[in-house]
Amino acid sequence: MSGNAPMREVARRAFATEFNDASHTFKESDDERAPAYQLLPTGEKANRVFFVGTLTEKEDIGEDNEYWRGRIVDPTGTFFVYAGQYQPEAASTLRDLEPPAYVAVVGKPRTYETDDGSVNVSVRPESITVVDAATRDRWVVETAERTVERVAAFEDEGNEYARMAADRYDADPDRYREAAVEALRGMDEGEADEQAEPTP
């Protein structure tokens with residue numbers, strides 16, 4: 001192994017509501033091979049993301065080749081993933097899956113400016129894995145913790161990505177903390193509903 005092999009970037013956890021607001025991308029070097037980062041509004045850079053949710057829809061939107069679009073929902077909103085010939089494993093998984101299904105996704109954030117000037121954010125998946133409800137619940141808890149930590153550190157003077165986010169986005173980071181708390185609350189209510197259901 002070469003000592004110069006690039007390290008893979010850590011896959012950041014973010015809820016859909018924050019991820020979809022993260023329309024600004026940047027590089028930290030002029031090198032054309034330098035990684036591109038998505039700037040999360042809570043003050044974190046993300047070259048890769050990790051999320052878990054329910055695949056609710058899939059569609060082959062390709063013309064000449066297969067190009068799959070998947071709609072994956074977490075407690076706060078919707079992620080869109082796009083996989084084609086350059087993501088063969090993820091495309092194959094989307095082709096074979098029947099919604100609804102819990103899935104874990106690791107991938108690269110992608111932004112696309114529409115004709116009206118708004119920016120759509122999506123994920124180009126490196127992997128899509130079928131998981132169970134317990135894995136989904138664990139992701140919700142851990143992502144809520146990470147989100148709350150980022151919001152708590154947002155005002156730290158040395159937090160350069162938070163400064164960048166404050167300049168770039170007109171968003172109060174507290175709204176993402178509230179979304180995280182709501183996601184946890186929804187999970188607790190779901191568990192309560194299950195416990196309240198009479199056993200057959």
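β8 and β9 form a hairpin, with 5 residues between the two strands. In the turn, Gly117 has a positive phi of about 90°. This is a predicted model, and the values below are computed from it.

β8 covers residues 101-113 and β9 covers 119-130. The two strands run antiparallel and are joined by 11 bridges. For a landmark, find Gly107, which stands opposite Pro125 in β9.

Now turn to another partner of β8. Strand β5, residues 48-60, is joined to β8 by 7 bridges. This pair also runs antiparallel. Here the landmark is Phe50, which stands opposite Val106 in β8.

Next comes the largest pocket. Its volume is about 300 Å³. The lining holds 13 residues. Which of them lie nearest the centre of the pocket? They are Tyr82, Arg110, Tyr112, Asn120 and Ser122.

The hairpin strands return here. β8 and β9 each supply at least two residues of the lining, and so does β7, residues 77-83. Which strand gives the largest share? β9 does, with 6 residues.

Of its residues, 7 are nonpolar, 4 are polar and 2 are charged.

Methods. Residues numbered from 1 in each chain as written. Predicted model: local features only at pLDDT ≥ 70, side-chain atom pairs only at ≥ 80, totals over all residues. Heavy atoms only, no water. 1 Å grid on protein atoms, 1.4 Å probe; cavity = no way out; pocket = protein on both sides within 12 Å on 5 of 7 lines; lining within 4 Å. Points joined across faces, edges and corners; volume = space filled by probe spheres on them. Helix = DSSP H or I, 4+ residues; strand = E, 2+ residues; numbered from the N terminus. Nonpolar A, V, L, I, M, F, W, Y, C, P; charged D, E, K, R; others polar. Pairing = 2+ DSSP bridges.
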